[in-house]
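Here are my notes for you, written to be read with the model open. Take the points one at a time and find each spot as you go.

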Amino acid sequence: MIKINKTNCVLGINVSHNASASLMHKGEILICLQEERLTNKKNFFGYPKKSIDYCINFAKKKSFKIDKAVFTTQKLPIFNLKYPVSHYFTIKDFHDYFGDKYFGKKIKKLSIKNYINKLKKDKRNSQDLYLPLKKVSEKYDFDFKKNRQLQADFLFKQSKGNIKNIKFYDHHSCHVAYAYFSAKKRLKDSAIITLDSEGDGLNQTVWIVDKRKKIRKVSESSQCDIARAYKLTTLLLKMKPDEHEYKVMGLAPYAKNKYSVNVYEKVYKNLLQVKDTKIIHKLRPKDLYKHLIDNTTGERFDNIAGGVQIFVEELVKKLFLNIYKKYKVKNFYLSGGVSMNIKMNKIIKDLPFVKNLIVQPSGGDESLSMGGCFLESGFNSKPLNNIYLGRDLFDDFSEKKFLNYIKRKKNLKIKSNYSHKNIANLLSKGNVVAVARGREEFGARALGNRSILADPSNIKIVQKINEQIKNRDFWMPFALSILKEKHKKFLKNKKNISSEYMTIGYDTIENKHNLIEAGTHRYDKSVRPQILEKNANKNYHKLIVEFYKKKKIPALLNTSLNLHGYPIASTIKEVLNTFQNSGLKFLYVNDKFLVEKKNEK
Ligand SMILES: [Fe+2]
């Protein structure tokens, strides 16, 4: 059961994959910052010191006293922090790790001493991880209590002794609180489902919100290995686990269904099963890595991607059906890393018994810091109105400095008071425009404040963007921002299910598809939309309205403003760095300045 406190100011902290910190004041999330944006290390793993500093300084400036800090995982091994392998491992290293050098040996109960010694000496593990991890003896590597103490002591010192009330909350409870309380609709008679790789010993939970809006956990599983199977499949397809799963999802539709089904039945189908409202082991072998490697040998890469995607969809469909049958609920909330599978979410949305599906942005562990705050305040909290919760564009660099910088650069020129109408004009003529305005978005998706925009009816633009900056894998689609008031003319959405944050896939309407083609999946013609309400981002909305006036298309292709392999650009410093190190020609800053590169095609 979720208890509710009346804490005035809460600091939420996620120490793990994609570390983040959030500040909630009087029930409202004021900041959610991902450490990757401050370290320029994508999906930063560890203690989010800089993000915490940012929240503490913000609270100080506003004279808020932080009453409580909540960490959002109780059982985090020190080992994972000592060796944040995602920071420096190559694909080959990951094969060794999941294969016969580490996990393979562990499964066979053989000594892993040599491997650990190698990890210890690995000079590539050079990221500043803040906590005094190197001083911790090996015997505490899996001592959760010791780790909690380490984190609490560090925070106490970091806050100069001001934060005394420090709690550690359960991982999946934080996912649940984020899923439900951050949403604009807090519906009764609902189910909240969490699905992730692992947190506090679990990887799946189901919670029911009853008629009186009491929330209780009704089932949990530690055997729901869908994320693990997906992660290992990402690796065997030569992509980075815990980062490139979305590429496997993007690849899946290219496979012919019968071949995908064949791989699914041969390799994945018998691994797991749904019993009641739990996903549990069926014939899952101990060494899942070996099973996947051995049994996918000889299969084509796209069919493997198709097979693992069917595996996830079939299990989750059955899980939702069982929840519906048992609890008679038609409203569903979903969170945890697996909730970022927008193709799976599309399938759930289209199930006949589903009335509402609510998937809040970036439901992976990066959202846990908000989840911790929401768990603390429950119904006393306010839903998120938008997710522009990061740093302001001019946070550490004044507008004057920016103008001087442009003046000094011989390859740049600038125009002031450049209107949305003018930008719409540029876009309609086949130009790609980077936009940076106001506060940055929380999460994995750019939603108009750190974005690269283009005309979605111009399919040739895809190649142009890829050549200018993205170097994107050739099969990956771009996303679409579309005006809410007009989206139903282009997207099939009979149930009126909202996707404000690009979290759910939709089918496009056949005779309109060509007008938004460059923002859709090339093969299955589906789309991952940001269905944009005016109040969510007035300036972005205005820009799309101007584009609509020109081309009768109420949408823009939208992709994140970042260099390949780096996090989304955060402040104007990173934005200019990204702009200068790419082939982008136009940059629109704070709905006012147009920066243009001279002599660039
Ligand atoms: Fe998680």
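1. Let's start with K326, which counts as partly exposed because it has 15 C-beta neighbours inside 10 Å. For the cut-offs: a residue is buried if 20 or more other C-beta atoms lie within 10 Å of its own, exposed if 12 or fewer, and partly exposed in between, with C-beta atoms placed from the backbone. K326 lies in helix 13. Helices (H or I, at least four residues) and strands (E, at least two) are DSSP runs, numbered from the N terminus. Now find N431: it is 105 residues from K326 in sequence and 53 Å from K326 in space, C-alpha to C-alpha.

2. Before going on, a word on what you're looking at. This is a predicted model, where local features need pLDDT of at least 70, side-chain atom pairs count only at pLDDT 80 or more, and totals for chains, interfaces and linings use all residues. Residues are numbered from 1 along each chain as its sequence is written.

3. Is helix 8 (residues 171–181) enclosed or open? Here 11 of the 11 residues are buried, so helix 8 is largely enclosed by the rest of the structure. Among the buried ones are H171, H172, C174 and F181. And what do they pack against? The partners are strand 6 (190–199), strand 7 (202–209), strand 11 (331–335) and helix 15 (368–377).

4. Next, the largest nonpolar core, which has 167 residues; I226, V433 and A434 touch the most other members. Helix 13 (residues 301–327) gives the most to this core, with 11 residues. A nonpolar core here is a set of buried Ala, Val, Leu, Ile, Met, Phe, Trp, Tyr and Cys residues joined through C-beta atoms within 7 Å. Leaving out residues up to four places away in sequence, V433 touches I423, L426, L427, L453, F586 and Y588. Contact means that the two C-beta atoms, placed from the backbone, lie within 7 Å.

5. Have a look at strand 22 (residues 593–597), which pairs with strand 13 (residues 412–415) in the antiparallel sense over four bridges. Two strands pair if DSSP finds at least two bridges between them. I414 stands opposite V595 of strand 22. Strand 21 (residues 586–589) also runs antiparallel to strand 22, joined by four bridges, and V589 has F593 as its bridge partner. Three residues sit between the strands of the hairpin of strand 21 and strand 22, where N590 takes a positive phi near 45 degrees.

6. Now an open sheet: five strands in the order 3-2-1-4-5, with mixed pairing. Its edge strands, each pairing on one side only, are strand 3 (28–34) and strand 5 (166–168). Neighbouring strands are turned by 20 degrees against each other on average, direction ignored. Strand 4 (residues 68–71) runs parallel to strand 5, with three bridges, and A69 has I166 as its bridge partner. Helix 2 (residues 49–61) packs on the sheet, touching strand 1 (9–14), strand 2 (20–25) and strand 3, and its direction makes about 20 degrees with that of strand 2. Axes are lines fitted to C-alpha atoms, for helices over the stretch in contact, and angles run from 0 to 180 degrees between N-to-C directions.

7. Last, the domains. The assignment for the protein chain gives domain 1 (9–88 + 125–172), domain 2 (185–359) and domain 3 (399–597); such bounds come from an automatic or database domain assignment. The centres of domain 1 and domain 3, taken over C-alpha atoms, are separated by 32 Å. Five residues of domain 1 are in contact with six residues of domain 3.
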